[in-house]
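Hi everyone, thanks for making time. I'd like to walk you through one model today, so please bring it up on your screens.

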Amino acid sequence: MHAPSPQIRRFQAGDEPALFRVFFTAIHQVASRDYTQQQVDAWAPPDMDAVQWTARMRGIQPFVAQLGDEIVGYADLQPSGYIDQFFVSGAHPRQGIGRLLLARIHEEAMRVGVVELTSDVSLTAEPFFAHHGFEVVQRQQPLRRGVVLANARMRKALAPPISPSAPAPA
Ligand SMILES: CC(C)(COP(=O)(O)OP(=O)(O)OC[C@H]1O[C@@H](n2cnc3c(N)ncnc32)[C@H](O)[C@@H]1OP(=O)(O)O)[C@@H](O)C(=O)NCCC(=O)NCCS
């Protein structure tokens, strides 16, 4: 029997605490393979300000992966093509949830005419993004709460949509 597949839907007000649990477990249970305890604590502090977090999620309006009643992942697409956050719950790794979220982002990019996706990708997520056709543009050492967290700017060019009104090639 196949495991049930998560549904991908748009963000709704009220999702914020569940999105924080996804963010926190993704970093503390999965990204902790590639980052030290000091780094994961700086990236995802357990006492994250709830007001700030809520404002952040309402600002980026992510797609949300829901499995039954449980939110198991989220990822956004900004109008510029930038993916600000991309996280799958630490309790649901390697179950295809990231793949579904990225497919939804590709669909949305086509819909709104985004021609290039970019993201600042963690060392942990880099193989996932590379697997999906992203390439590293630059390696970076940004500071988060005073701690260096290595990541990479990655990009993927998308084929422009075919316009039905474009002239036929000669
Ligand atoms: C990166 C992340 C989003 C991937 O989500 P996921 O749901 O586990 O990924 P999927 O199951 O959809 O993976 C699809 C394919 O990508 C590749 N892939 C995913 N994670 C990988 C990894 N760590 N190493 C190598 N390949 C990987 C695999 O080919 C995988 O297919 P397979 O499992 O059949 O081999 C998730 O691991 C995560 O949240 N990590 C920690 C937090 C983080 O760093 N987030 C990104 C911040 S930019």
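The strands involved, β7 and β10, pair in the antiparallel sense over five bridges. When I say two strands pair, DSSP finds at least two bridges between them. Helices (H or I, at least four residues) and strands (E, at least two) are DSSP runs, numbered from the N terminus.

Some housekeeping before I go on. Residues are numbered from 1 along each chain as its sequence is written. This is a predicted model, so local features need pLDDT of at least 70 and side-chain atom pairs count only at pLDDT 80 or more, while totals for chains, interfaces and linings use all residues.

Back to the sheet. It is an open one of four strands in the order β4-β6-β10-β7, with mixed pairing. β4 (82-83) and β7 (135-140) are the edge strands, each pairing on one side only.

Now zoom out. The protein has five helices and ten strands. Its radius of gyration, taken over C-alpha atoms, is 17 Å, close to the 15 Å that the globule rule gives for 170 residues, so the protein is as compact as a globular protein of that length. That rule is 2.2 Å times the number of residues to the power 0.38. Along its principal axes, the C-alpha trace spans about 60 × 40 × 35 Å.

What share of the 170 residues counts as buried? The figure is 28%, where buried asks for 20 or more other C-beta atoms within 10 Å of the residue's own, exposed for 12 or fewer, and partly exposed is in between, with C-beta atoms placed from the backbone.

On to the core. A nonpolar core here is a set of buried Ala, Val, Leu, Ile, Met, Phe, Trp, Tyr and Cys residues joined through C-beta atoms within 7 Å. The largest one has 36 residues, and Ala26, Tyr74 and Leu101 touch the most other members. α1 (16-30) gives the largest share, six residues. As general background, nonpolar side chains tend to be buried together in soluble globular proteins.

β3 and β5 run antiparallel, joined by three bridges.

On the β2 side, five bridges join β2 to β3, again antiparallel. The two make a hairpin with two residues between them, and glycine 68 in the turn has a positive phi of about 60°. Leucine 67 stands opposite glutamate 70 in β3.

Next, the ligand. Which residues are closest to it? They are Gly98, Arg99, Ser122, Ala125 and Pro127, out of 22 surrounding residues, each with its C-beta atom, placed from the backbone, within 6 Å of the molecule. α1, β5, α4, β6 and α5 (126-131) each supply at least two residues of this shell.

Finally, arginine 94 sits in the loop between β5 (86-88) and α4 (97-112). Is arginine 94 buried or exposed? Arginine 94 is exposed, because 10 other C-beta atoms lie within 10 Å. Thanks, and I'm happy to chat.
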